[in-house]
Amino acid sequence: AKTIDLAVLAGDGIGPEVVAEAKKALFAATKNDEVSFELTEYPLGTDHWLATGETLSDETLAKIKTHDAILFGAIGAAPGDTRIPSGLIERELLLKLRFSLDHCVNLRPSKTYPGVATPLASDEPIDFIVVREGTEGPYVGNGGVIREGTPHEIATEVSINTAHGVHRVVKDAFERAQARPRKKLTLVHKHNVLVNAGHLWRRTVEAVAKDYLDVTWNYLHVDAAMIFMTTDPQRFDVIVTDNLFGDIITDLAAAVTGGIGFAASGNINIDGTAPSMFEPVHGSAPDIAGQGKADPTAAILSASLLLDHLGLSEAAKRIENAVLADMNARAENPAPRSTQEIGDAIVTAMGH
Ligand code: IPM
Ligand code: MN
């Protein structure tokens, strides 16, 4: 039997609760396949930092690099928790992983499910994916502050966009668009204002489009794109965009398709030089942590993306179908359920 060697980083808050359910779903989905899992848990996150001072050391990073893939929960301390500097764990753990493991494609599908209420007037199905660049933009920490605390303070965050970095995500997005029935790609940027980066993105899309003549593409400024995302999200198929725009629009995308509790993501290393990492889009939700209130669906769907990435597309589909069945079940009986009850129901829907 093939062994899949996974690193598990459950993290903070509701992370461990939802990851426990995602693991159950992984096992159930692959029960009849010739695969088994070897799991290594890494207790990284806020508590680990408080106890040891480690966010993510180079030694730990080297160990994480040896696995086939990473299942990630959520990280982040409660707002107002003064024991840890704000954003430290985000930058030194999550972003360090994305950067060091070269997760250039941050893949974020958005889909409506039958029976799941959305805030939109129309219940026409929505099904698009966002290919968010994951290693560049203003996330790289290229900036600084001078004359801090004075009325003349200047603070900068320079957005880095390299030809190589833009080209590889644009190409990936075209590949994904070509594989989908509608074959549509939308570049979202703001090149009327961000002329330098905007034009690099635009020129790159124009050039790559020549190799994908069956894909139709268009361009939208990010502000206008957000109007369409609330008035006509059905128009989108594949969206390609930079790291910061992608962060913001995927929260809106999750909200319009039924909530952040269902939004899964994959941080993909496209040439297999390091493990890819799969995580729910939501955060650690410290306000509901430890109460069994978190919906594990986003983590479970992230496990499905993980299986698909590892070439186990049938097992991935099993999870997706089980989630779909569970969505229908909750439409019929909307009584609140615990994290574990939802996980159990999804496992049961897989026939176990
Ligand atoms: C996300 C998160 C992260 C991001 C934070 C926690 C650094 O919001 O995965 O969308 O901005 O990418
Ligand atoms: Mn975000």
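Reader: Thanks! What is the order of the strands in the sheet?

Author: The sheet is open, with ten strands in the order β2-β1-β3-β12-β11-β4-β5-β10-β8-β9, and its pairing is mixed. On average, neighbouring strands are turned by 25° against each other, direction ignored.

Reader: Which strands does helix α1 touch?

Author: Helix α1 (residues 15–30) packs on the sheet and touches β1 (2–11), β2, β3 (69–74) and β12 (276–280). The direction of α1 makes about 145° with that of β3.

Reader: And how should I describe two helices that pack together?

Author: Two packed helices are described by the angle between their axes and the distance between the axes. Take α1 and α9: their axes come within 8 Å and cross at roughly 45°, so the two helices are oblique to each other. The crossing of α1 past α9 is right-handed.

Reader: Which residues of α1 and α9 meet there?

Author: From α1 come V18, V19, E21, A22, A25, L26 and A29, and they meet A299, I300, S302, A303 and L307 of α9. Sorted by class, this contact has ten nonpolar residues, one polar and one charged.

Reader: How do the axes of α9 and α10 cross?

Author: Helix α9 (residues 297–309) and helix α10 (residues 313–332) have axes that come within 7 Å and cross at roughly 160°. Angles over 145 degrees count as roughly antiparallel, and therefore α9 is roughly antiparallel to α10. Here α9 passes α10 in a left-handed crossing.

Reader: What classes of residue make up that contact?

Author: It has eight nonpolar, three polar and two charged residues. Among those that meet are I300, L301 and L307 in α9, and I319 and V323 in α10.

Reader: Finally, what is the mean pLDDT of the protein?

Author: The mean is 96, and 100% of the residues reach 70 or more. The model also scores ipTM 0.99 and pTM 0.96. In general, where pLDDT is low, the predicted coordinates should not be read in detail.

Technical notes:
Residues numbered from 1 in each chain as written. Chains lettered and ligands numbered in written order. Predicted model: local features only at pLDDT ≥ 70, side-chain atom pairs only at ≥ 80, totals over all residues. pLDDT = per-residue confidence, 0-100. Pairing = 2+ DSSP bridges. Helix = DSSP H or I, 4+ residues; strand = E, 2+ residues; numbered from the N terminus. Axes fitted to C-alpha atoms, helices over the stretch in contact; angles between N-to-C directions. Contact = placed C-beta atoms within 7 Å. Parallel < 35°, antiparallel > 145°, perpendicular 65-115°, else oblique. Left-handed = near helix turned anticlockwise from the far one by under 90°. Nonpolar A, V, L, I, M, F, W, Y, C, P; charged D, E, K, R; others polar.
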